[in-house]
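This report covers model confidence, salt bridges and backbone geometry. Please keep the sequence and the model open while reading.

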Amino acid sequence: MQNNCPQLDLAREDLMEMEGLLCEQLSSFLSFSGHALYFPTSRAPEEPQLLTRERRLLLPLRRNDSQLGVFMLHGVKAREARPLLPFLPAILALGLENLARAKAMRTDAVTGLATEQALFAHMENAAERLRAYLEEPGAEESGPAPLHWLCMGLVLLRLSNGQSVVRRGGHAFAEKYFRSLADACREALPSDVLAARVGRWEMALLFPASGRGACHKLARAALSRMEAVRMPYPVVQKAVRPRLCAGHALYPQDMRGTELHLAMYDQARLCMDRARLAADVAGQEADGADAVESRIMPFARILQEGGMVLESLPLGRLRLSIGRQAKAREGMRFALWGRGDGSSPRYKGELVLLHTRDTDSVAEVLHLVDITCQPEVGDRLTLLGETPVLSPDLDEHDLTGALGPIAGAAAAAVRGRGEGGALAQAGPQPECAGGLCGHGDFLNRFAQEAERRSRFTLCLLRLEPGSAETADIEGTQAASAPQDMVAENANRQGLVDTALSVWRAALEKAQGAQTDCAAVASPLAGRYGSNSLVFFHPDVEAQALVPLYEEVCGALTGQGTLAAAGLAGYPFFAVQPGRNARLRAEGAGIRPAAARPQGGGVQLASA
């Protein structure tokens, strides 16, 4: 019969943890000024001893015929302690019984780990002690300063196929197996790590962390020990194959500014939710992943490489698995990766977020490398244009080993870009940095300006490095060289910077010459994918801008960059009945000259 009754055993670490509770109980019977807990290896007293001259009282702590330790009270009054000597063994036995029952109340009956409420209480108490110390550093403190709790790591470990184990072996066997996993998990844990059961098939580790690297290494070691557990099913005698994954979050680094003003009760549970979300993302790879590293996900890296395509929507839009919970926001750009012929992923193109919800988001395809290779459900995402979230103690070797081939290629490109390239940046570029808006900010500002203008022109400037033949060869090799493609996308940022400088110089020259496009309001420049720029010219016709962009394309071509520009003017509706229906359907969209520019030139889209 399965016995799930709470265990009332005590260990030395339990006495150290509940030392204050034992003092509180003894203070009801006699007064003392201090205390100490000892664990002697020999000559431990069998009975309570009163040392009158030293004003000390030695209390042996025994339970179930085993010696747990010796509790020493300082500043004891002999007149109070001497009459209690015959009753002190019973008082100590009652106190230890209370400690055992207090332990049973916050201990899971199946695994022997702490309960979820005990973990939250521990986290709240640590934060409260730290806050009190920072407010009054000179206040008396019974223990050392709790500064090591300035940063708390929360690691969540999950058995993804727990229900499958129940169906194959039954509930009793599943609980026995989960208990074995819990024993393996806490087998070599440091003393400052609190292990708790936080769900039917989940365990959590709370500890004072120095960074994400400490969380990652702890999760890796725990998963390795748990995977080494071998237990056969009771009937078929086939060993259980666990599917384990882990996610971790860091407090307070993974909390937003406004969330830090919430009560610690809510903050602790928010941190747990984020560790669970990271475990959900890690579980997406748990089925086909062999290495432990690929089944561990930090919450801060969900946005970098944890997204995937959930659904294809009309009008070239996609529903993605990342939302506001993963800190996604409108205007973010992502590289799209599909399944290649072999183990290497296939780079497909680029997306931009249009609308974010709580747990998912809607994105639009900016461009595709191969129009015949459309986005599919299950395609993966990597964030573009943001600095990767690293930790000083999480080195690059651990990082690239954990991300898999897709994100590993992206990390290699970022690393190469930061070592010697012209694109190394200290942090993410803000919207409209240097006069260049991000995609999302450009769309917002364009929508506002277009409502106030009776006419305007949009221009899309598309760029490609090298010659046309080189561009075609690179396009055919996109599926076989994902790492080169990510590096190429990073290098295209240099082309965008160069094109922006050429465009500004040409615009200043046109303004100096007092051309038709010079006496209007300043244009708005924005990003449109990794290899394109989009410009909004208010109060000017498209035909007047043709010389400007012919000069820009010519200058870029002379520098070895393939450039093509497409212009679309508003109002676009002309009194030509044979063409009005088609133009009304197409709208005033941006019309590039070709899907891939074959040389410098400007194409005018007009009615």
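## Basis of the report

Helices (H or I, at least four residues) and strands (E, at least two) are DSSP runs, numbered from the N terminus. The model is predicted, and local features need pLDDT of at least 70, side-chain atom pairs count only at pLDDT 80 or more, while totals for chains, interfaces and linings use all residues. Residues are numbered from 1 along each chain as its sequence is written, and side-chain values use heavy atoms, with hydrogens and water left out.

## Confidence

The protein has a mean pLDDT (the predictor's confidence in each residue, from 0 to 100) of 78, and 75% of its residues reach 70 or more. The pLDDT is below 50 over residues 411-431, a stretch with 26 contacts (heavy atoms within 4.5 Å) beyond near neighbours in sequence. Over residues 468-483 the pLDDT is also below 50, and that stretch has 20 contacts beyond near neighbours in sequence. Where pLDDT is low, the predicted coordinates should not be read in detail.

## Salt bridges

Side chains of opposite charge can pair when their charged atoms come close. A salt bridge here is a side-chain nitrogen of Lys or Arg within 4 Å of a carboxyl oxygen of Asp or Glu. Across the whole structure, 30 salt bridges are found.

One of them joins glutamate 202 to arginine 158, with 2.9 Å between the closest N and O atoms. Glutamate 202 belongs to strand β7 (residues 202-208) and arginine 158 to strand β5 (residues 152-159), so this pair, 44 residues apart, links distant parts of the chain. Both glutamate 202 and arginine 158 are buried, where buried means under 20% relative accessible area, exposed over 50%, and partly exposed in between (1.4 Å probe, protein chains only). These two residues also take part in a salt-bridge network that links Glu116, Arg158, Glu202, Arg276 and Asp280.

Strand β13 (residues 346-356) contributes glutamate 350 to another pair, whose partner is arginine 333 in strand β12 (residues 333-338), 17 residues apart.

Lysine 348 forms a salt bridge with aspartate 379 at 2.8 Å, N to O. Lysine 348 is in strand β13 and aspartate 379 in the loop between β14 (361-368) and β15 (380-384), so the bridge ties together parts that are 31 residues apart in sequence. Aspartate 379 counts as buried because its relative accessibility is 1%, and lysine 348 counts as buried because its value is 4%.

## Backbone geometry

Most residues other than glycine have a negative phi, and most peptide bonds are trans. The peptide bond from tyrosine 251 to proline 252 is cis, with omega near 5 degrees; proline 252 lies in the loop between β8 (244-251) and α9. A cis bond also runs from tyrosine 570 to proline 571, with omega near 5 degrees, and proline 571 sits in the loop between β20 (561-570) and α16 (577-586).

Glutamine 237, in the loop between α8 (212-227) and β8, has a positive phi near 60 degrees. Its relative accessible area is 53%, so glutamine 237 is exposed. Lysine 327, in the loop between β11 (317-320) and β12, has a positive phi of about 70 degrees. With a relative accessible area of 29%, lysine 327 is partly exposed.

## Aspartate 266

Helix α9 (residues 264-283) contains aspartate 266, which counts as partly exposed at 35% relative accessibility. Aspartate 266 and glutamate 124 are 142 residues apart in sequence, and their C-alpha atoms are 9.6 Å apart in space.
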